[in-house]
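This briefing goes through a structure topic by topic. Please keep the sequence and the model open while reading.

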There are 2 protein chains.
Amino acid sequence: MTGEDVGRRRKGRPRGFEPTAALDAAMRLFWAEGFEAASIDQLSRATRMPRASLYQEYGGKAGLFLASVAHYAETRIAPVAAALGPSGALGNDLSAFFQAVIALATGDAATPGCLISCVLADSAGTNAVFRAELDQRFAALEARITARLVAEPWPAAAPDRAALAAMLAAVARGIMLRARSGAAPKALAPVADAAVASVLCLRAA
Amino acid sequence: MTGEDVGRRRKGRPRGFEPTAALDAAMRLFWAEGFEAASIDQLSRATRMPRASLYQEYGGKAGLFLASVAHYAETRIAPVAAALGPSGALGNDLSAFFQAVIALATGDAATPGCLISCVLADSAGTNAVFRAELDQRFAALEARITARLVAEPWPAAAPDRAALAAMLAAVARGIMLRARSGAAPKALAPVADAAVASVLCLRAA
DNA sequence: ATATTTTCAGAACGATTGTTCTTTAACTTG
DNA sequence: CAAGTTAAAGAACAATCGTTCTGAAAATAT
């Protein structure tokens, strides 16, 4: 009942590409170019996957894109969300979170902004599957922020925790968008600081 | 020195399309589909412009897209920015602004979100012209919000006015993105309310 | 060894892409 | 009316799109 003999080699010809590296390369290409602009030819070249294998593994361009988004969420977004803690004071945790957001969105000049907020959002306009995926990814981050906020004491007059979390998520996405336009980390840090300050003000009120 | 005889008919065969209506149709198609996914065929059909006229007037797809973005800024974003006033208390003006943002992003189910934040942002990944356009449009809104904020008294400890404006712009864009994922106006209103409340808290501190 | 299985490399597919060109239609001007 | 001018309609363009298919290559199993 082990399912697969992971240590044992498969029977046929071994694949000439490394699956995780291939997915990361596809992710970066989609991130840079957008879903429509990234062609199968480019993807096949960047991932070093033969086209046949690409269709075998992911069923097509849309499947590879969704897999890239999942890979992005696991390897890029999860660490950012992890910065929320709780591992210290609320202000510190939120600052660390936004710092990670800015680093993600500006870290590589070839991939400015966010794959989800800047690329998936575009294709979500008419594609129902992509729209559902976008909705789920957005909701997941908001839930994570909410979880951090409810671990905190709030005055009775403060806005709903979920609303505050959604606002913070909106700021994070606005920062990602601003990075897509070429904004530097130093220009984005004050935006994050203002958001943190305003939330701390509400908690102290 | 009048430039053009506006009342007088042009010399050759009259155009069979209405330029402003055509631009609005192109804008809506780009808004719904994205830049890459909207084809010249679709655009020509939606605008009722013959392809030859489309190339004559706008030089190509990119030119039509940039013209659509300008038309969008004038007809859709300008009224939203106008809601900022100043025409009343800060909280009222900001609420009116966000209400207009939500209405714009959710008003037509065929065009969820924002042409600039959800569509132009995608193509800005690799196209330098589009990226510069995005940067300029973002900066313009932030300047407009800053202008509203500086007309207000603030405590000395409050964040920089420009930073606050950029944060509010980020929230607005985050709301647009959330609308792209299918969020209803009722789900977005609390996000706006939280942003307004947090800024008012800072001013009262 | 042969058989079997899996992948690779690339040709091939029809469809569609953005763009240009050609011909015809519909006007104003002289 | 004829001449001149502008736009419409759509054919034509090479290029590229996403996808499928074919035959050879490289491994294990018997």
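Which pattern does chain A follow when read along the sequence? Chain A reads α-α-α-α-α-α-α-α-α, with nine helices and zero strands. The model is predicted.

**Chain A overall**

- Along the principal axes, the C-alpha atoms of chain A fill a box of roughly 65 × 45 × 30 Å.
- Chain A has 205 residues, and 51% of them count as buried.
- The accessible surface of chain A is about 9,300 Å², and carbon and sulfur atoms account for 54% of that surface.
- For contacts in chain A between residues at least 6 apart in sequence, 68% join residues at least 24 apart.
- Chain A carries 22 positive and 18 negative side chains. The centres of these two sets are 5 Å apart.

**Helix packing**

Two packed helices are described by the angle between their axes and the distance between the axes.

- Between the chains, helix H9 (residues 185–204) of chain A packs with helix H9 (residues 185–204) of chain B at an angle of about 80°, and their axes are 8 Å apart. Angles of 65 to 115 degrees count as roughly perpendicular, so H9(A) and H9(B) are roughly perpendicular to each other. On the chain A side, the contact is made by Ala197(A), Ser198(A), Cys201(A) and Leu202(A). H9(B) contributes Ala194(B), Ala197(B), Ser198(B), Cys201(B) and Leu202(B).
- Within chain B, helix H4 (residues 61–82) and helix H7 (residues 128–150) pack at an angle of about 10°, with axes 12 Å apart. Angles under 35 degrees count as roughly parallel, and H4(B) and H7(B) are therefore roughly parallel to each other. From H4(B), the residues in this contact are Ala62(B), Phe65(B), Leu66(B), Val69(B), Ala70(B), Ala73(B), Ala81(B) and Ala82(B). From H7(B), they are Val129(B), Phe130(B), Glu133(B), Arg137(B) and Arg144(B).
- Within chain A, the axes of helix H2 (residues 40–47) and helix H3 (residues 51–58) come within 9 Å and cross at roughly 95°. H2(A) and H3(A) are therefore roughly perpendicular to each other. Ile40(A), Asp41(A), Leu43(A) and Ser44(A) of H2(A) meet Arg51(A), Leu54(A) and Tyr55(A) of H3(A) in this contact.

**The loop between H2 and H3**

- Arg48(A) sits in the loop between H2 and H3 of chain A. Arg48(A) is not a glycine, yet its phi is positive, at about 60°.
- Is Arg48(A) buried or exposed? Exposed means over 50% relative accessible area; Arg48(A) has 67% relative accessibility and therefore counts as exposed.
- In chain B, Arg48(B) is in the loop between helix H2 (40–47) and helix H3 (51–58). Phi of Arg48(B) is positive, near 60°, and this residue is exposed, with a relative accessible area of 67%.

- In chain A, Gly85(A) and Pro86(A) are joined by a cis peptide bond with omega of about 10°. Pro86(A) is in the loop between H4 and H5 of chain A.
- In chain B, a cis peptide bond joins Gly85(B) and Pro86(B), with omega of about 10°. Pro86(B) lies in the loop between H4 and helix H5 (90–106) of chain B.
- Ala83(A) is in the loop between helix H4 (61–82) and helix H5 (90–106) of chain A. At 21% relative accessibility, Ala83(A) counts as partly exposed, because buried means under 20%.
- Which residues is Ala83(A) in contact with, leaving aside its neighbours within four places in sequence? Its contacts are Asp93(A), Ala96(A) and Phe97(A).
- Ala83(A) and Ala100(A) are 17 residues apart along the chain, and their C-alpha atoms are separated by 7.3 Å.

**Ser117(B)**

- Ser117(B) is part of helix H6 (residues 115–123) of chain B. With a relative accessible area of 2%, Ser117(B) is buried.
- Not counting residues up to four places away in sequence, Ser117(B) touches Leu177(A) of chain A and Phe138(B), Arg173(B), Met176(B) and Leu177(B) of chain B.

Notes:
Residues numbered from 1 in each chain as written. Chains lettered and ligands numbered in written order. Predicted model: local features only at pLDDT ≥ 70, side-chain atom pairs only at ≥ 80, totals over all residues. Heavy atoms only, no water. Helix = DSSP H or I, 4+ residues; strand = E, 2+ residues; numbered from the N terminus. Buried < 20%, exposed > 50% of the residue type's maximum accessible area, 1.4 Å probe, protein only. Contact = heavy atoms within 4.5 Å. Areas by Shrake-Rupley, 256 points an atom, 1.4 Å probe, with all protein chains shown as cover. Lys, Arg positive; Asp, Glu negative; His and termini not counted. Charge placed at Lys NZ, Arg CZ, Asp CG, Glu CD. Axes fitted to C-alpha atoms, helices over the stretch in contact; angles between N-to-C directions. Parallel < 35°, antiparallel > 145°, perpendicular 65-115°, else oblique.
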